[in-house]
Amino acid sequence: MALLRDLPLQGLSPYLIQHRDNPVDWRPWDDDAFGVARATDRPILLSVGYSTCHWCHVMERESFHDEETARFMNRHFVSVKVDREERPDVDSIYMDAVHTMTGRGGWPMTVFLTPGGRPFFAGTYFPDVDRHGMPSFRRVLEAIEHAWRNRRDDVREQAEQLTGAIGLALPPAEDVPDRGRVGAAYEALCRRFDLEHGGFGGAPKFPQAPILEFLARISGLATATKATPMLTTTLTRMARGGIRDHLGGGFARYSVDRMWLVPHFEKMLYDNADLARLYVRAWQITGNPYYREVAVDTIGYMMRDLAHPDGGFFAAEDADSEGVEGKFYVFDHEEFHEVVGPDDGPLAAAYYGVSRSGNFEGANILHESAAASTVAERFGARVEDVTGAVERAKGRLLARRSTRIRPGLDHKIITVWNGFALRALAVAGAALGTEDYLEAARANARFVLGEMRRPDGRLARVWSNGLAPIPGFLEDHAAYSLGLLELYQATGEVEWFAAARELVDLLEPHFGGPTGVVFASATDASNLVVRPSDQQDNPSASGASLAAECYLLLGHLTGDYRYHEGFEQIVRAGDRLLDAAPSAAGHLLAVLATSQMGIREVALTGPRALEWAGRIAGAYRPDLVVAPSPRSHDEVPVVAGRYREGETLGYVCERGACHMPVGSYGELAAQVATRGYDRSS
């Protein structure tokens, strides 16, 4: 019955380590914690957060470090601390309870449970004193303890109602959603779009990469004329705003305003991986080199600041340094000009929006306040004078910033987020022709498959300091399989295809149910009052939608109809969500829209197969699945038996039938261009 403070540091996540020395008797989520609660007839106080969460740090300082508060918790509750990034199933179940009780969610999450795990009271951050209409945490604790002791029947009734609410599932549709469902979702997103600043809704504003993915997939279709402007407006405004780190690259998790100016400074791997890939796609769609520049800048941040030397990627960087949010990133007016110097200072300050009053607590968040041409006109200078001043300023500011204390690094390697990173590197490597990205992708695949594969074939959820104790979830297996399939399409290396297929074949037996592969947790998960589904994007793609895309791609690469059936099950299960809340199912919409385009397989064999695959990858064609095979092999069914010694051949196949093979890239390009991906319908 170990407490967190009694467990060895090795294997604990940074978030759990942060709370290990609190005076609170924190326990991990395990059988022992529930056993103690039952034996002592005490409710469980469940606290969920993550290491880079600013308000988690605040609540820890205010309440969990307070000796008197800790004594009350230890006397009356069994306190359980969970890292949401390690246990997304636990987080999902009880976040539903928070939403049901309060109408909103967030972290830190604070939920009170019966000893059997049923929630009866839920909230998020509670201050140390009554403030802004919120009761103090101590007052909440006293009220819960009184209710547990004196109004147990009311508590049980509330627990039954809440548990029933979080266990509800929408029934699947009888048929696969048609184009009308995609069109209606697109129109609904158009109505929510912020025409001035891009993105969806007001403050706080998140990138919402799954919705942007959907817009990219349908970009250019005659029925979706607003998709490209919505995508590019959002990506441009974000790239120019303070949510982007203009010195070191990468994006913060969200903006506290609707203009993308003031970020919540934590930087997450999943955001940066998804956005890097989206900026590559935007460059391909528009030809605008600015998007390519942002993509390269973002991948550079990932490879420099989040990379484990053996190939994995760390989870995140904190918002705080030295206990102050954003301190690492901002510059006051005096320091900026001192660093940049008098010659370049005025031009660079105008470009980066630096002023004496600042835009964040007296300091300045750097952003592209004005275009270089506008600054040049204002100062009577040449554009190249402005760009030169900005580049020199960037180098000097970055050098100064490197002397500061960096925000904390969450050194967990999370499988699902590494799957996003793998996919981004494979896409960027193929589209930009950058071998360094492909080699980084290979290193990542070798690391995850070598260090995080369990004896039963499943992947672990996280790796930390050599340990990978938690079994992976649906999103881990599906996201990583997609990354492997993208790496196969970019390199023609069949080992990645084989590994992806093995992982995808584990989805149905471990995460399937009556409505398809939709459950977040495997069948052997314990201590869960309900089995949570993973159908909503939050904020990255849902596990079910990632699994649907796995099935869609493998169905085309193998011709095995079992995969097509798996895809159809998932989209039928998600149809009600697509109808009621399309903004919560952007990635499933993207996959469904792709399936409706008339996908074709392009099998390439022979010595120039990779060259041809690279040329195809230079344009964005979501309607194509590419199988390059520079050597003879039979592991990938779509290319099996098609190799001819010394010849490079291309086969374009659709709906189980293939055209005659062609021996030149020009002929292949003509076949690909003249059919499929009908943008007129």
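This is a predicted model: local features need pLDDT of at least 70, side-chain atom pairs count only at pLDDT 80 or more; totals for chains, interfaces and linings use all residues.
Q: How many residues of strand 17 are buried?
A: A residue is called buried when its relative accessible area is under 20%. In strand 17, which covers residues 624-629, six of the six residues are buried, and the strand is thus described as mostly covered.

Q: Which residues of strand 17 point one way, and which point the other way?
A: L624, V626 and P628 point one way from strand 17, while V625, A627 and S629 point the other way, and all of them are buried.

Q: Which strand do bridges join to strand 17, and do the two run parallel or antiparallel?
A: Strand 16, residues 600-605, is joined to strand 17 by six bridges, and the two strands run parallel.

Q: What unit do strand 16, helix 26 and strand 17 make?
A: Together with helix 26, which spans residues 609-617, strands 16 and 17 make a β-α-β unit that is right-handed.

Q: Where is T594 placed, and is T594 buried or exposed?
A: T594 belongs to helix 25, residues 586-595. Because its relative accessible area is 4%, T594 counts as buried, the cut-off being under 20%.

Q: What does the side chain of T594 make a polar contact with?
A: The side chain of T594 makes a polar contact of 2.7 Å with the side chain of R217. A polar atom of the T594 side chain also lies 2.7 Å from the backbone oxygen of A590.

Q: Which residues does T594 touch, not counting those up to four places away in sequence?
A: With those sequence neighbours set aside, T594 touches R217, I599 and P622.

Key. Residues are numbered from 1 along each chain as its sequence is written. Side-chain values use heavy atoms; hydrogens and water are left out. Buried means under 20% relative accessible area, exposed over 50%, partly exposed in between (1.4 Å probe, protein chains only). Helices (H or I, at least four residues) and strands (E, at least two) are DSSP runs, numbered from the N terminus. Two strands pair if DSSP finds at least two bridges between them. A crossover is right-handed if, with the strands pointing away from the viewer, the path from the first strand over the helix to the second runs clockwise. A polar contact is a pair of N or O atoms within 3.5 Å; within protein, one must be able to donate a hydrogen and the other to accept it, and residues adjacent in sequence count only if both atoms are side-chain atoms. Contact means heavy atoms within 4.5 Å.
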